[in-house]
Amino acid sequence: MGKAADTALIKVVNLGKSFDVSEPFLQRVVTRSGRKIVNAVDGVSFSIERGTTFSIVGESGCGKSTITRLVAGLDRPTAGEIAFNTPDAAPVRLQMVFQDPIGSLNPRWRIGRSIAEPMDRTMDGNARRERVGELLKTVGLAPADAGKYPHEFSGGQRQRISIARALAADAELLLLDEPTSALDVSVQSQVLNLLKDLQERLGLTYLFISHNLSVVRFLTDRIGVMYLGRLVEEGSGQAVFDTPQHPYTKLLLETIPDMENPKRDRAPLTGDLPSPLKPPSGCVFHPRCPLAMEVCSTVRPELQVVENGSNVACHAVAQGAAMAAPVNRYAVV
Ligand SMILES: Nc1ncnc2c1ncn2[C@@H]1O[C@H](COP(=O)(O)OP(=O)(O)OP(=O)(O)O)[C@@H](O)[C@H]1O
């Protein structure tokens with residue numbers, strides 16, 4: 001991982017990650033089958049300015065979690081580069097916040113101990129206790145909660161605890177992996193509000209991944225829409241929501257319930273995600289695309305800047321044949 005050149009805290013360039021999911025050699029000889037490679041992430045580039053949120057959205061299996069793992073350094077890329085722009089090239093301080101916080105909290109530890117664990121070891125006991133109390137207050141809990149166990153909290157409270165833990169580690173970059181998906185809608189908005197408030201107060205940078213566009217809208221500065229390992233559209237939150245360009249982005253937006261007119265007929269996102277072991281040729285979205293043309297099955301479209309400032313990988317958009325933008329509608333959680 002190198003050093004990012006400009007003001008972005010993180011710059012991802014042509015990132016690729018493939019997994020070899022082949023059967024064992026002898027089995028392949030018997031069944032006369034070849035190697036099987038999954039390109040989970042294929043040529044993805046984006047950057048995140050310090051203090052802002054970049055969201056990655058897309059259906060299950062499109063490669064969102066793999067990108068998070070690569071950024072976290074839990075996996076090594078097979079192609080491309082991830083560069084962090086930190087003073088004196090110091091390691092970036094990043095923490096992950098997962099969908100189900102119960103898995104990342106030790107059930108036998110009082111939560112005060114879990115929160116204190118990533119703190120600076122040179123702090124004495126009193127200073128640590130004081131800092132734990134402060135952090136609990138920061139995330140909307142009480143200092144006295146430090147003495148309780150994870151099972152004594154609700155899902156939303158546990159997510160607050162995992163955010164406090166990330167702050168205890170003095171994180172500057174939070175990797176938010178579906179952080180509100182396991183929560184009730186009313187609790188989701190409280191956690192999103194907390195994240196927004198912390199970002200404003202502490203200047204945190206977020207990489208937020210979600211399959212749900214309506215969740216990211218509230219928090220995001222920029223959005224990357226992924227399909228089968230590739231970025232198909234990347235732009236400001238406003239541009240992607242108000243004037244979506246890629247047919248896949250439009251169909252994803254169509255899946256968000258229309259609160260004002262729930263019975264309205266909407267174009268459904270039909271067909272299954274193709275197997276990542278055998279991705280379609282050309283544009284990977286072409287078998288499900290309402291605008292597919294001949295070129296789409298043979299030539300891979302590259303991201304190109306379009307009129308609204310977004311970057312879009314679509315032959316039809318490039319030729320000006322995009323569908324009329326749908327009426328902007330979304331559910332604010
Ligand atoms: N360790 C691995 N070994 C083999 N294949 C993997 C591995 N990790 C991910 N994949 C494959 O890579 C593709 C992308 O997976 P990934 O988990 O990144 O998608 P995702 O968009 O985060 O999905 P979800 O929302 O379901 O978590 C999938 O086809 C998945 O099966």
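Start by selecting Val-191, which is found in helix α6. The model is a predicted one.

**Val-191**

Is Val-191 buried or exposed? Count the other C-beta atoms within 10 Å of its own: there are 23, and the threshold for a buried residue is 20 or more, so Val-191 is buried. Now show its contacts, leaving aside neighbours within four places in sequence: Val-191 is in contact with Gly-156, Gln-159, Pro-179, Thr-180 and Leu-183. Next, draw a distance from Val-191 to Leu-136. These two residues are 55 apart along the chain, and their C-alpha atoms are separated by 14 Å.

**The two domains**

Zoom out and colour by domain. The domain assignment gives domain 1 as 8-93 + 172-318 and domain 2 as 98-170. Between the C-alpha centres of domain 1 and domain 2 the distance is 30 Å. Select the residues that join the two: 12 residues of domain 1 are in contact with 13 residues of domain 2. On the side of domain 1 that touches domain 2, β6 (173-177) and α6 (185-202) are the elements that give two or more residues. Which of them gives the largest share? It is α6, with 4 residues. Colour this side of domain 1 by residue class to find 7 nonpolar, 2 polar and 3 charged residues.

Select residues 94-97, which form strand β5. In a regular strand the side chains alternate between the two faces of the sheet. In β5, Leu-94 and Met-96 are on one side, Gln-95 and Val-97 are on the other, and all are buried, which leaves both faces covered. One place to look is Met-96, whose bridge partner in β6 is Leu-175.

**The open sheet**

Move on to β1, β2 and β4. These 3 strands form an open sheet with antiparallel pairing, in the order β2-β1-β4. Which strands stand at the edges? β2 and β4 (79-84) do; each has a single partner strand, so one side of each is left without a neighbour in the sheet. On average, with direction ignored, neighbouring strands of this sheet are turned by 15 degrees against each other.

Now select strand β1 (residues 8-20) and follow its pairings:

- Towards β2, β1 runs antiparallel and is joined by 10 bridges. Ala-8 has Glu-49 as its bridge partner in β2.
- Towards β4, the pairing is also in the antiparallel sense, over 5 bridges. Gly-16 has Ala-79 as its bridge partner in β4, and Lys-11 stands opposite Ala-83 in β4.

**The ligand shell**

Select the ligand and the residues around it. How many residues surround the ligand? There are 14, and the closest are Phe-19, Ala-40, Ser-60, Ser-65 and Thr-66. β2 (37-49) and α2 (64-72) each supply at least two residues of this shell. The element that gives the most is α2, with 3 residues. Colouring the shell by class shows 6 nonpolar, 7 polar and 1 charged residues.

**Helix α9**

Select residues 247-254, which make up helix α9. How many of its 8 residues are buried? The count is 7, and the helix is mostly covered. The buried residues are Pro-247, Tyr-248, Thr-249, Lys-250, Leu-251, Leu-252 and Leu-253. To see what covers them, show β3 (53-57), α7 (213-217), β8 (222-227), β9 (230-236), α8 (237-242) and α10 (315-318), against which the buried residues of α9 pack.

**The whole chain**

Of its 333 residues, 40% are buried. Among contacts between residues at least 6 apart in sequence, 69% join residues at least 24 apart.

Conventions. Residues are numbered from 1 along each chain as its sequence is written. This is a predicted model: local features need pLDDT of at least 70, side-chain atom pairs count only at pLDDT 80 or more; totals for chains, interfaces and linings use all residues. Domain bounds come from an automatic or database domain assignment. Two residues are in contact if their C-beta atoms, placed from the backbone, lie within 7 Å. Ala, Val, Leu, Ile, Met, Phe, Trp, Tyr, Cys and Pro count as nonpolar, Asp, Glu, Lys and Arg as charged, and the others, Gly among them, as polar. A residue is near a molecule or strand if its C-beta atom, placed from the backbone, lies within 6 Å of it. Two strands pair if DSSP finds at least two bridges between them. Axes are lines fitted to C-alpha atoms, for helices over the stretch in contact, and angles run from 0 to 180 degrees between N-to-C directions. A residue is buried if 20 or more other C-beta atoms lie within 10 Å of its own, exposed if 12 or fewer, and partly exposed in between; C-beta atoms are placed from the backbone.
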